[in-house]
Amino acid sequence: MDNFISHTPNFFDDEPAERTKAMARSLGNRVLSGICITLSLLTLVPLISIVWLVLKNGLPLLNFSVFTELPPAAGMVGGGFGNAVIGTLVMVGIGLILAAPVGILSAIYINEYSPTSRLAKAVRLVAKLLTGIPSIICGVFAFAVVVAATGSFSAYAGGVALAVLMLPTILLTSEQALIGVQNAYREASYGLGATKFQTIARIALPDALSAIMTGIMLAVARAAGETAPLIFTALFSQFWAKSLSEPTASLSVLIYNFSTVPFPHQLEMAWTASLVLVAFVTVANIAAQLAFSKKQ
Amino acid sequence: MKSTAILSAIVAFAAIASDAHAQQLSGAGATFPAPLYQRWGVEYNKLFPAVQVNYQSVGSGAGVKNFTAGVVDFGASDAAMSDAEIAKVAKGVVMIPATAGEIVLAYNLPGVTKLNLSREVMAGIYLGKVTKWNDAAIVKDNPGVTMPNVAIQVASRSDGSGTTFIFTQHLSAISKDFADEVGTDKSVTFPVGVGGKGNEGVTALVKQSPGAIGYVEYGYAKNNGVAMANLQNKSGNFIAPDIAGAAATLANVQLPENLRVWPVDPEGANDYPIVSFTWLLLYKKYDDAAKSKALKDFLAWGLTEGQKFSEELGYVPLPAPVVEKAQAALAIVQ
Amino acid sequence: MPIENTETPAIGDVRVGPDVFRVICWIASATAVGILGWIIYEIVDSAWPAINKFGLGFLTSSAWVPNRENFGVLPFIIGTAVSSFIAILLAFPLGLAIAIFLSENFLPLPVRQTIRFVVEMLAAIPSVVYGLWGIFVVIPLVKVFGDWAVSVFHETWMIPGVDGGPATQVGIPILETLFAPPAYGNSMLTASIVLALMILPTLTAISRSALTAVPKTLREGAYALGATRWEAILGVILPTAAPGVVAATILALGRAMGETMAVAMLIGNSSRLSWSLLSPGGTLAGLLANQFGEADGMQVNSLMYAALILVVITLGVNLIGEAVLRHTQKATAGIR
């Protein structure tokens, strides 16, 4: 009993004030934990409600043919949305190819190279401003820049619109990810004689990679689900796409189209397409984050 | 892992055999006729696999903008194009009525299966002057029906739309008060009511609130099983909202030279009062002769064979005289 | 703060010359700034006729009558502010609670991973589906809540009429305006609730990232000094992760203010100014979504003007946020 130092309140030894303080602290601890857990569980209720709604309405029509067939027109039955799945993959891919390098490299610049420069301050402000831009403006901007210039709707234009949409998220989360890398690692790297570039490439980036992936997947998730940017840039197509410079189908526009008509079959298809979209993005999210998770 | 998926998708893309003779036509515009045009595109493609016609609803206004900018092969608009807008298109414009629709007043009154709404009542409801379902004016027109003592919940469109344009145009024609207070446009501020987005939004509003009334396209009310009111036309008759009444209206319409006309307040005894065409916008001269021919063939099919799909989808088939005039206009397109 | 490594050029070594990588990163940063500049230019270019015609009266007028070419966005500015504010008010505590929940070890790791992916899955749900969920699930609930709130806050007490006249209803001062009848389903409250849910994944994911990025040494140090779990969280971990949490909130707020589709489907888009949460309202982004497709002429210019105002509001909110952060953040520099 006397062999170890005890921190727990000993009712017979401590002064009353100490005793109450300790009790209050542990009580406060329990209460806060309770509040935290309750709030979390509370939040899960609407989350599960949405997921449940999508599952319930989307499962009935889900089968393999939705990936291999073309969208059914009004009044028709059957069909699928294979072209829309490919379209979404391609356009989100193009957007990622454009936005990820700009976002991550900018984050590297403003965090590693010159955090206090005017350009860095401008970039941070710009990223925050871009988050508030309605998605429809991204579409209108890409329309003015790509569609009007090339004379036709295309997957490229859609990709550009999505890139503008994804950029702020990727930039801001990458900056946070790099901030989260402990300076001790960088110091150790310099101590071993590495250049700045080697430190960034071999130490800071890999350590920040998992948080960067979170940001990228968040951006991808949003881009895959946004309609307005794509309607004005990629339009839609009811057929298999043959090139990237023609109107291209996408899941989000398909969902929008099918949910705004009064035809029951198309309405059901809209839910199934939503289910497929959410499933795809979730699987990609899990895979990406598990692949890049920090080895704790 | 994701990059390999994207890469393989792009490769699959490129590997898909591209038919050298394929003709791609793309159009954008009004939301209302989109399902019909898309059905035409799919059905026509079954007959002529080399021709792929795409249509996407972006709104009549955006459709006219796209058409004027030359980024689509054809446009579509519920409000046709004004002379000022036509002047901006260098290649010239040919407007062709492709189909028509009727606007119904959907209502939610459990137990009331038949409802007659007079012209004064309809304008009054949307002016906020008639506020209860058991208003004397409504009761007078519906003998034998017990009207409940419930407030009228007015639903309107929150987004700009050709439907609002046609509805307000009719109300402005039948009620001077309405014309002064609210006026005609694709997006107006009604003195009362809640806005729903799209025809589907208004339908949902009506379905969810007992005592609600809202203006929607016929197809939405029919497919959602919502009750529709009988509207009074200029002759004083209450006409049921079905395709026959709308077809009667269209048959009596006189089409002018540029095929742009709205039967704002039809005079026939059996005419349903709120009916309107919707137009396809074509250039007078296309640079690509093959494209122009493909488009003309497609529309010739649409004006004849394509009309067979109208009723099933909730649209009004074009009467024969209108089809003739439309075909004549189509011939002008080069 | 990262440490600068001043490079000493070494002859016969590959470290001579400018850092090419730095130049590339600089170009990326300049591109990011350039893109925003370009977007703003396009918006202003399109909005110019409306700016010329309406000037600043645009911001104070409540009329939005397209057929009379009379445009004013005051109700929409207020609507944007109110809906975003309520959305953040709802989402911040919930998001932070889940983020803490996921970064602490209340539950075993597999359970935490599952919850984390469920929350992040929500980011993938298209806004149209959020709108539909709002229509099917939230609107009926809000209607019920609205009727209850009206009876409790607005018609709290009935004062019998004098001499047998009609009774007057008295309510609780501020709340009665916020919950004034009639209680609609398509209302500010519905849109705010759905918005809160839409921004929750962003808030949670990034906050969780920030919390788990706090070095273990800090946490262990706090415990070693005798702190309870929550004293460690509130006193050490949260302040260290604060910049990340703030970044998460700003991203979430930006999304809330710019959300178009779901809001447009749920808020009723009324241009009538009303202080009741149970009445339909409008937001700038929702206005854009609703009207852009069908707009022409001066209406398009006015919509672009509204978009410009939205950008300015975002700027204002960000500047305020940064000022607040500077005043309240403890000096945690050097800890890393």
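Predicted model: local features only at pLDDT ≥ 70, side-chain atom pairs only at ≥ 80, totals over all residues.
**Entry 1: chain A against chain C**

I began with the contact between chain A and chain C. I found 89 residues of chain A in contact with 92 residues of chain C. Together the two chains bury about 8,300 Å², and carbon and sulfur atoms give 75% of that area. On the chain A side, I noted I50(A), Y113(A) and L129(A) as the residues that lose the most area to chain C, together 7% of what that side buries.

Next I looked for charged pairs. How many salt bridges are there between chain A and chain C? I wrote down one. E231(C) forms a salt bridge with R25(A), and their closest N and O atoms are 2.7 Å apart.

Then I asked which helix gives the largest share of the chain A side. Helix α1 of chain A, residues 16-58, does, with 17 residues. By class, I sorted the side of chain A that touches chain C into 55 nonpolar, 27 polar and seven charged residues.

**Entry 2: chain C against chain B**

I turned to chain C and chain B. Here 29 residues of chain C meet 35 residues of chain B. The buried area is about 2,200 Å², with 42% of it on carbon and sulfur atoms.

My salt-bridge count between chain C and chain B came to zero. For polar contacts, I have five residue pairs, both residues at pLDDT 80 or more. I then checked which elements give two or more residues to this side of chain C; among them are β1 (64-65), α10 (261-266) and α12 (298-328) of chain C. The biggest giver is α5(C), with five residues. I sorted the side of chain C that touches chain B into 15 nonpolar, nine polar and five charged residues.

**Entry 3: the largest nonpolar core**

I looked up the largest nonpolar core and noted 316 residues in it. Which members touch the most others? My list reads F81(A), L105(B), Y126(B), F167(B), F277(B) and V73(C). Helix α3 of chain A, residues 82-113, brings the largest share of this core, 17 residues.

**Entry 4: E112(A)**

I stayed with helix α3 of chain A to look at E112(A), which lies in it. Is E112(A) buried or exposed? I put it down as buried, because its relative accessibility is 2% and the cut-off for buried is under 20%. I also found its side chain joined to that of N111(A) by a polar contact of 3.4 Å.

**Entry 5: helix α10 of chain A**

I checked helix α10 of chain A, residues 251-259, for cover. It is mostly covered, with nine of its nine residues buried. I noted the buried residues of α10(A), including L251(A), S252(A), Y256(A), N257(A) and S259(A).

**Entry 6: A148(A)**

Last, I picked A148(A), which sits in helix α5 of chain A, residues 135-150. I logged A148(A) as partly exposed, because its relative accessible area is 47% and that class runs between 20% and 50%. I also took a distance from A148(A) to P71(A): the two are 77 residues apart in sequence and 28 Å apart in space, C-alpha to C-alpha.

How values were computed. Residues numbered from 1 in each chain as written. Chains lettered and ligands numbered in written order. Heavy atoms only, no water. Contact = heavy atoms within 4.5 Å. Buried area = accessible area lost by both parts, 1.4 Å probe. Salt bridge = Lys/Arg side-chain N within 4 Å of Asp/Glu carboxyl O. Polar contact = N/O pair within 3.5 Å; in protein donor to acceptor, adjacent residues only side chain to side chain. Helix = DSSP H or I, 4+ residues; strand = E, 2+ residues; numbered from the N terminus. Nonpolar A, V, L, I, M, F, W, Y, C, P; charged D, E, K, R; others polar. Core = buried A, V, L, I, M, F, W, Y, C linked by side-chain atoms within 4.5 Å. Buried < 20%, exposed > 50% of the residue type's maximum accessible area, 1.4 Å probe, protein only.
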